[in-house]
Amino acid sequence: MIYVVIVFLWTSILLYILLGGADFGAGIIELFTSKGNRSKTRKTMYEAIGPIWEANHMWLIIAIVILFVGFPKIYTTVSIYLHIPLVCMLLGIIARGTAFVFRNYDAVKDDMQKVYTPIFIYSSLITPFFLGIIAASSVSGQIDVQAQDFLSAYVFSWLNWFSVSVGVFTVSICGFLATIFIIGQAADDDRSFFIGKARRTIYTVMFCGALVFVAAYHENIPLASWIFGDTLGLTAIIAASISLIIMFFLLQRKKPILLRLLAGFQVAMILFAATYSHFPDIVLLKNGANLSLLTHQGQAKAIDTLGYALLIGSIFILPALGYLIYIFQQKRKYRKPINLY
């Protein structure tokens, strides 16, 4: 049953990166769009992101519950030594959701709209940035459980070039996912504009990915050997690269579903390549010790109960999510479009 729990943990993290990432990317793309094009970008983006906006944080909650119940030692270590970026990420989630609601559904449209918009945009950038920092810090080997001072224990555990570069890379991934989502929703007159934006985000992702390897080399983190030194990891990167080439050829064609599948496949392959080589270790500590999903699991009964709960829950969650997406895709038949302005 432990492997069932691990699969659900990995899948929930992947789905949060894909769906939550595309959601965050909506604000990121709006930030890097000129004022003249911001209105149509915002409107089209909401049309594309609407279905996943309703449920994207469910995957984050599932991942946290799995860690809390199934791997309490891992959950405790990450929560203590990475509590600063965790708080920043959670504050970003709260600020973003609040600003989104007030910006779009506030009964009174006044000067406060000028406040909600920047909060929404910048929290959309800050949240995935710290999410990437947390992920990178967990495997950077910088968490020092024997630290004797505050900075060594709670700041330098995540404030380093590798973690920051992964945070920037995560932001670029979110922007990339959002632009791919938006192409399928764009009107014919605006399609070329969004295709150009998608290509620029792809180049940005490639550049930020290169920065991650440079930072890893600078911090003596064997990222290159993790990914390219393992057959499966190398295969995953090659598969992601091939799918990226295919995507370039499909951008001009009206294949929105295929484009989204390719984007999801690329992110899945990147996550797989980055995590497979040191599996089952999920947290690499500074003193050379590691926290393993197989060694540092909870009680057997807790794992079994959690596994069965996840299996049963998926029977209800996944069809409901599929129906939610279907309803949003058919929304023009059932209700009037939302007035966003």
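This is a predicted model: local features need pLDDT of at least 70, side-chain atom pairs count only at pLDDT 80 or more; totals for chains, interfaces and linings use all residues.
**Entry 1: helix α9**

Just past α9 I noted N220, which has a positive phi of about 60°.

**Entry 2: helix α4**

Which residues of α4 are buried? In this helix, residues 72-81, I found I74, T77, V78 and Y81. They take up an arc of only 95° around the axis, so they sit on the same side of α4. Next I checked what covers them. The cover includes the helices α3 (57-70), α5 (83-105), α6 (113-139) and α7 (150-154). It also includes two strands, β1 (281-284) and β2 (290-292).

**Entry 3: the nonpolar cores**

I went for the largest nonpolar core and got 47 residues. Those with the most contacts inside it are F162, F176, L177, I180, I183, M247 and L251. Where do the residues come from? At least two each are supplied by α1 (2-31), α6, α8 (161-183), α9, α10 (223-228), α11 (231-250) and α12 (256-276). The largest share is from α8, with 11 residues.

I then picked F162 and listed its contacts, skipping neighbours within four places in sequence. The list reads A136, V139, S140, V212, A215, A216, E219, I221 and L223. There is also a second, separate core of 38 residues, and F71, Y81, M89 and W158 are among them. Y81 had already turned up as one of the buried residues of α4.

G70 is in helix α3. Is it buried or exposed? Its relative accessibility is 0%, so G70 counts as buried. Leaving out neighbours within four places in sequence, I get contacts from G70 to V65, H296, Q297, G298, I303 and L306. I also looked up S12, which is 58 residues from G70 in sequence and 14 Å from it in space, C-alpha to C-alpha.

At 13% relative accessibility, L60 counts as buried because the cut-off is under 20%. Beyond four places in sequence, L60 is in contact with Y16, M89 and I93. M89 is a member of the second core. G20 is 40 residues from L60 along the chain, yet their C-alpha atoms are separated by 8.7 Å.

**Entry 4: the salt bridge**

How many salt bridges are there? I count one. It joins the side chains of D23 and R96, at 2.8 Å from N to O. D23 is in helix α1 and R96 in helix α5, so the pair ties together parts that are 73 residues apart in sequence. I checked burial as well: D23 and R96 are both buried.

**Entry 5: cysteines**

My disulfide count is zero. For C88, the nearest cysteine sulfur belongs to C174 and is 16 Å away. C88 counts as partly exposed, because its relative accessibility is 26%. For C208, the nearest cysteine sulfur is again that of C174, at 11 Å. C208 counts as buried, because its relative accessibility is 7%.

Key:
Residues are numbered from 1 along each chain as its sequence is written. Side-chain values use heavy atoms; hydrogens and water are left out. Helices (H or I, at least four residues) and strands (E, at least two) are DSSP runs, numbered from the N terminus. Buried means under 20% relative accessible area, exposed over 50%, partly exposed in between (1.4 Å probe, protein chains only). The arc is that of the directions from the helix axis to the C-beta atoms. Contact means heavy atoms within 4.5 Å. A nonpolar core is a set of buried Ala, Val, Leu, Ile, Met, Phe, Trp, Tyr and Cys residues joined through side-chain atoms within 4.5 Å. A salt bridge is a side-chain nitrogen of Lys or Arg within 4 Å of a carboxyl oxygen of Asp or Glu. A disulfide is a pair of cysteine sulfur atoms within 2.5 Å.
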